[in-house]
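Biologist: I would like to learn how to read a structure like this one. Could we go through it feature by feature?

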Amino acid sequence: MPVKTYREAINEALHQAMREDSTVIVLGEEVSGGAGCDGSRDAYGGVMGVTKGLLPAYGEARVIDTPITESAIIGAAAGAAQTGLRPVAELMFMDFFGVCFDQIYNQAAKFHYMFGGKAQCPMVIRCTTGAGWRAGAQHSQNLTQMVTMVPGLKVVCPTNAYDAKGLMLQAIQDNDCVIFVEDKILYDTSCEVPDEMYTVPFGEAKFYREGSDLTIVAISNPMHKVLAVVDRLASEGISCDVIDPRTTSPLDEEAILESVETTGRLIVVDEMTPRCGLAADISSIVAEKAFDSLRAPIRKVTAAHSPVPFAPNLEDTWMPQESDIESAIRDVLEYA
Amino acid sequence: MSTETNSLLEPKSTEQLLDAEKFLQAYRAMRTIRSFEDRISEQFMKGNIPGFLHLYSGQEAVAAGICLLLDDNDYVISTHRGHGHCIAKGADVGAMMKEIMAKQGGLCDGKGGSMHIADFDKGMLGANAIVGGGPPIIVGAALSAKTLGTDRVGVAFGGDGSSNQGTTFEAMNLAVVLKLPAIFLFENNGYGEGTHASYAVGSRDIASRAQGFGMPAYQVDGTDLFAVYETCRKAVEHCRAGKGPVTIEANVPRFKGHFEGDPQAYRGEQEVEKLMKDQDCLAIARARALKEKIVKAKDLDRVDQEVAELIEQATEAALAAPAPDDSELLKNVYSSAY
Ligand SMILES: Cc1ncc(C[n+]2csc(CCOP(=O)(O)OP(=O)(O)O)c2C)c(N)n1
């Protein structure tokens with residue numbers, strides 16, 4: 001099977017969806033780049049290069065560079081979605097949610113319910129997230145928890161290229177507003193990705209490793225750190241169930257609960273601030289529904305409760321690291 | 001509507017309003033910005049600067065021109081392209097260099113970096129990495145000035161791209177409604193990343209759009225320090241006299257990419273070379289000042305020399321400074337104990 005990067009996988013999904021369905025459009029700042037300029041069009045193909053090649057293939061009517069106007073981009077996507085198109089809107093950095101949040105959680109998320117099921121909002125909002133780029137407090141946040149808590153939104157966090165393609169094709173088909181969260185650290189990672197179209201269903205977790213001593217749930221980029229640690233500790237005989245929910249809304253509670261019922265221990269790892277976050281949410285679900293199975297306190301491994309600092313050493317301290325994951329593992333294993 | 005409050009003026013730099021002292025002050029600021037940025041560009045290539053750099057090169061006359069009219073009590077708020085505004089407002093170049101290199105002694109303790117650089121002692125309320133984040137905040141600063149009965153003014157720098165943002169519209173309207181001493185200073189360099197203003201700005205220009213909000217608006221050639229100064233003088237006087245906000249649209253070139261490392265495939269052939277040859281505000285200011293005998297060449301050479309030394313020292317000191325202590329991570333999340 002061909003090996004593709006996370007970036008290429010999403011690009012391929014967009015190409016295929018646009019080829020299949022003429023109502024799919026892509027819009028956002030610099031989704032092609034070069035609009036109105038003297039040089040080449042499609043100069044950026046999205047600031048992360050994810051939408052490259054769509055403009056030459058599908059033209060300006062379907063690949064739309066916008067001014068810097070996030071509220072209008074998201075609102076227009078929602079309006080178009082309500083009236084016959086399937087927009088994929090790009091919000092360069094998830095940090096820019098703040099500018100357009102009303103259009104996301106008061107508008108797009110609520111149409112279907114508020115209008116008694118008569119309206120639909122089949123749109124995707126692509127955004128990049130994640131620290132590690134030394135990009136400072138306004139370009140590094142993972143705000144997945146903020147959208148996960150909004151009823152009506154579906155939230156997707158692919159950790160590898162295979163999932164990214166399948167989840168994107170699923171997202172474009174979906175009739176609800178889907179927030180598609182791309183960790184910018186992952187764009188150049190690769191794995192085997194089929195050329196043909198396929199979907200990965202929402203609400204179905206993926207098991208990266210199967211084991212009996214403890215359950216580790218990890219969201220987004222930290223999954224890769226978890227795998228490195230778990231593989232190292234395997235030589236000591238430590239055996240972990242490693243679960244990637246893939247979508248935080250809907251959440252595959254069943255997979256997590258079943259796993260904890262056999263291992264009796266849970267660690268949740270994400271790169272968000274700790275309060276009211278996904279780690280806290282998943283911990284509370286397990287505490288509530290699988291309390292009898294627990295043999296050790298649940299451990300959350302998250303970022304620190306601070307804005308993301310600029311200085312590299314501080315940013316590294318802020319992020320959950322392999323050493324934090326390893327000590328959490330050793331910690332919960334101390335309980336008999 | 002009276003022409004007094006709604007005319008689109010385009011002052012030409014016919015008057016010579018800058019004496020030797022003022023000119024040298026502006027020239028020093030411009031030269032410092034250019035040299036500072038040339039140096040950080042080089043240090044970035046060497047891997048000594050983390051993160052992103054968005055350089056101001058080519059736009060120096062705007063920051064220098066307006067800041068000649070402001071003192072430490074006046075406020076400015078900046079954009080992701082903020083080094084020039086920070087330097088022109090009088091920030092310590094050594095502390096800026098340390099901040100950009102993420103070192104101890106940086107203006108923001110290494111927490112902010114290039115995109116979030118600030119110097120509150122100098123009335124510089126911060127570079128802002130959210131496009132359109134600044135204008136509402138400068139409206140607040142202007143509200144403080146008015147409410148507290150000072151004659152301070154607030155200047156929100158923004159690009160042509162930011163002029164399309166809803167936050168900017170709301171801020172401009174509120175400033176008009178409350179008659180606040182705010183200047184919306186748009187530096188139209190033609191580009192918002194790789195999208196041209198001719199595509200992204202739907203109105204004829206930014207100034208006429210601002211007029212629609214009910215405030216006077218000026219357009220000025222931002223490569224001409226003298227014209228910038230003359231225009232800004234009118235705007236600042238208008239604000240200090242309690243007549244409400246003003247918009248200025250300064251047309252400037254952007255010599256660099258959107259960010260350092262931007263391949264700029266969207267730009268025309270030889271475009272940058274031509275701009276640098278014909279529209280370099282430093283060269284233009286220098287030539288005019290010499291022609292009109294405001295200063296002598298040796299005065300300008302001396303400034304160049306002093307600035308070069310300053311930048312050299314700032315770079316060496318920043319390179320030698322230690323990174324912030326890891327324990328700083330949770331300091332200043334709140335201003336009182338959590
Ligand atoms: C709310 C928001 N949207 C998008 C961006 C990404 N971005 C950063 S700078 C920029 C272009 C800004 O253009 P302009 O206002 O003209 O300023 P210039 O870069 O020309 O100085 C964009 C789109 C951002 N930082 N914030």
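Biologist: Are Arg267(B) and Glu271(B) buried or exposed?

Modeller: This is a predicted model, so what follows are values computed from predicted atoms. In it, Arg267(B) and Glu271(B) are both buried. The two residues also form a salt bridge, with the closest N and O atoms 3.0 Å apart.

Biologist: What cut-off decides that a residue is buried?

Modeller: A residue counts as buried under 20% relative accessible area, and as exposed over 50%. Take Glu12(A), in helix α1 (residues 6-20) of chain A. Glu12(A) has a relative accessible area of 18%, so it is buried. Asp183(A), in strand β7 (residues 177-183) of chain A, has 0% and therefore also counts as buried.

Biologist: Which residues are in contact with Asp183(A), leaving aside its neighbours within four places in sequence?

Modeller: They are Tyr6(A), Thr129(A), Gly130(A), Ser220(A) and Asn221(A). A polar atom of the Asp183(A) side chain also lies 3.0 Å from the backbone nitrogen of Ile185(A). Distance along the chain is a separate matter: Met94(A) is 89 residues from Asp183(A), and their C-alpha atoms are separated by 9.8 Å.

Biologist: How do I read the sides of a helix?

Modeller: Start with the general idea. An α-helix has 3.6 residues a turn, so residues three or four places apart point the same way. Now the case here, helix α11 (residues 271-278) of chain B, where Glu271(B), Val272(B) and Leu275(B) are buried. These residues are on the same side of α11(B) because they cover an arc of only 95 degrees around the axis.

Biologist: Which residues are exposed on the other side of α11(B)?

Modeller: Lys274(B) and Lys277(B) are exposed there. The buried residues of α11(B), for their part, pack against β5 of chain B.

Biologist: How many of the residues of α3(B) are buried?

Modeller: In α3(B), 8 of the 8 residues are buried, so this helix is largely enclosed by the rest of the structure. Among them are Glu60(B), Val62(B), Ile66(B) and Cys67(B).

Biologist: With which residue does Glu60(B) form a salt bridge?

Modeller: The partner of Glu60(B) is Arg34(B), at 2.6 Å from N to O. Glu60(B) belongs to helix α3 (residues 60-67) and Arg34(B) to helix α2 (residues 20-45) of chain B, so to read the pair, note that it links distant parts of the chain, 26 residues apart. Both Glu60(B) and Arg34(B) are buried.

Biologist: Where do Arg134(A) and Glu315(A) lie in chain A?

Modeller: Arg134(A) is in the loop between β5 (124-129) and α6 (144-148), whereas Glu315(A) is in helix α11 (residues 312-318) of chain A. They are 181 residues apart, and the pair links distant parts of the chain. Their salt bridge has its closest N and O atoms 2.8 Å apart, and both Arg134(A) and Glu315(A) are buried.

Biologist: How many salt bridges are there over all chains?

Modeller: A search of the whole structure finds 41. Salt bridges can also be read as networks. One such network links Arg232(A), Glu236(A), Glu322(A), Glu326(A) and Arg330(A).

Biologist: How many salt bridges are there between chain B and chain A?

Modeller: The count is 0. The rule does find 16 residue pairs in polar contact across that interface.

Definitions and conventions: Residues are numbered from 1 along each chain as its sequence is written. Chains are lettered from A and ligands numbered from 1 in the order in which they are written. This is a predicted model: local features need pLDDT of at least 70, side-chain atom pairs count only at pLDDT 80 or more; totals for chains, interfaces and linings use all residues. Side-chain values use heavy atoms; hydrogens and water are left out. A salt bridge is a side-chain nitrogen of Lys or Arg within 4 Å of a carboxyl oxygen of Asp or Glu. A polar contact is a pair of N or O atoms within 3.5 Å; within protein, one must be able to donate a hydrogen and the other to accept it, and residues adjacent in sequence count only if both atoms are side-chain atoms. Buried means under 20% relative accessible area, exposed over 50%, partly exposed in between (1.4 Å probe, protein chains only). Helices (H or I, at least four residues) and strands (E, at least two) are DSSP runs, numbered from the N terminus. The arc is that of the directions from the helix axis to the C-beta atoms. Contact means heavy atoms within 4.5 Å.
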